[in-house]
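These are my notebook entries on one structure, kept in the order in which I looked things up. The structure comes before the entries.

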Amino acid sequence: MAESHALDFLVRREDLRQCRVAPAAESDASRLEPGQALLRVHRFGFTANNVTYAVVGESMRYWEFFPAPAGWGRVPVWGFGDVLRSRHERVAEGERVFGYLPPSTHLVVRPDRAGPAGFVDASPHRAALPPVYNQYVRVASDPSYEPGHEAEQMLLRPLFVTSFLLEDFLAAEDFFGARTVLVSSASSRTAIALAFLLSRNRTGECEVVGLTSPGNVEFVEGLGCYDRVVPYAEIASLPADRPVVIADMAGNAELRGALHRHFGDRVKHSALVGITHWERTDGAQEDLPGAPPSFFFAPTQIQKRDREWGPGEVQSRIARAWRPFVAFTAGWLRIVPGRGPAALERVYRQVLEGRSRPDEGHVLSLWEGGDDEPGGSR
């Protein structure tokens, strides 16, 4: 692959509405150092979760995973890559991996701890970043991998893992004494996965209430995993005399404040999970009644469970829960493929501006070509 064909999709870190596609140098295999490998970024999913990475890119260090020119950033995505060239003895050319990728055509990694399951990128600039994002799974030995469901894995697997860990955290805490879980941005994929897991695992233990915009009420009700669906404007109709847990996927400060003021001291836990309403995150939160909002960081929970459950057990449990969820999504999720810079920019703007449909999942590639070329369907 000629270096001139290498591309990066960049966004302005201080103004996420500014974006561009620029030439990149990471396709030059002749520059590989011993111990490095060059991945071709084949396809990746793009959801509101990726916008969250950009919104908190500075505070949570997401911009540091994939360096970019000063003032610009590469929004992390989840997808599949193929090893184009390897100078690592335990990583073979032609291997296919799943993991954290840039919205680019190529990525240079420095594999470490390479084993049957995968490897870790030990590039120096990633050494101090959360380890869970540095892992690349070999699809040949991934118990959850199904060739016919790559799109679902790209779009939903990272979100599902977050929801799995949040459900596990809440259950371990006995829902902090509450029996109602309020889930904002109920049409988002992370919210749907959480509601699915709660409805499947905790039937009778808690009521799951989905909060959403009026235009999404019918869609959310049709999913069948929420006990009740309430438009944002009707929050006051919820009984305020029962303890609740808030799972905030919206990140809307005004909405969060309204929930805390409505339920008062009966808010037993308030988890900040996502930022689908990314432009409404500002607002005074110091004096909110009830449990103070706290950020739920999935890597912390997965590290905790790794220590408690032992090697591989977290992934085994996630894999067992994953397949039923994939089957559940077949009834409502439509996969929408897109190729090339124009398609990526169009979808990025749709998701950034909240114009994407909840029943559509975008699978993208910077490559332009047919099914037998890089970027084509597999």
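I began with Thr-212, which lies in strand β12 (residues 207-212); strands here are DSSP runs of E with at least two residues, helices are runs of H or I with at least four, and both are numbered from the N terminus. I found Thr-212 buried, with a relative accessible area of 1%, where buried means under 20%, exposed over 50% and partly exposed in between, using a 1.4 Å probe and protein chains only. Leaving out residues up to four places away in sequence, I listed the contacts of Thr-212 as Ala-186, Ser-187, Val-217, Val-220, Val-229, Val-230, Pro-231 and Tyr-232, contact meaning heavy atoms within 4.5 Å.

I noted that this is a predicted model, in which local features need pLDDT of at least 70 and side-chain atom pairs count only at pLDDT 80 or more, while totals for chains, interfaces and linings use all residues. Residues are numbered from 1 along each chain as its sequence is written, and side-chain values use heavy atoms, with hydrogens and water left out.

Next I looked up the cores, a nonpolar core being a set of buried Ala, Val, Leu, Ile, Met, Phe, Trp, Tyr and Cys residues joined through side-chain atoms within 4.5 Å. The largest has 94 residues, and Phe-46, Leu-166 and Phe-325 are among those with the most contacts inside it. Helix α2 gives the most to this core, with eleven residues. A second, separate core has 14 residues, including Leu-182, Val-230, Ile-235 and Val-244.

I then turned to the packing of α2 (residues 150-172) on α6 (residues 298-309), and recorded an angle of about 65° with the axes 10 Å apart. That makes α2 roughly perpendicular to α6, a term that covers angles of 65 to 115 degrees. On the α2 side I found Thr-162, Leu-165, Asp-168, Phe-169 and Ala-172, which meet Ala-298, Gln-301, Ile-302, Arg-305 and Trp-309 of α6. By class, this contact has six nonpolar, two polar and two charged residues.

Last, I checked backbone angles, since most residues other than glycine have a negative phi. Arg-113 has a positive phi near 50°; I placed Arg-113 in the loop between β8 (111-112) and β9 (118-121), where Arg-113 is exposed at a relative accessible area of 63%. Phe-176 also has a positive phi, of about 55°, and lies in the loop between α2 and β11 (180-183). I noted Phe-176 as partly exposed, with a relative accessible area of 28%.

Key. Axes are lines fitted to C-alpha atoms, for helices over the stretch in contact, and angles run from 0 to 180 degrees between N-to-C directions. Angles under 35 degrees count as roughly parallel, over 145 as roughly antiparallel, 65 to 115 as roughly perpendicular and the rest as oblique. Ala, Val, Leu, Ile, Met, Phe, Trp, Tyr, Cys and Pro count as nonpolar, Asp, Glu, Lys and Arg as charged, and the others, Gly among them, as polar.
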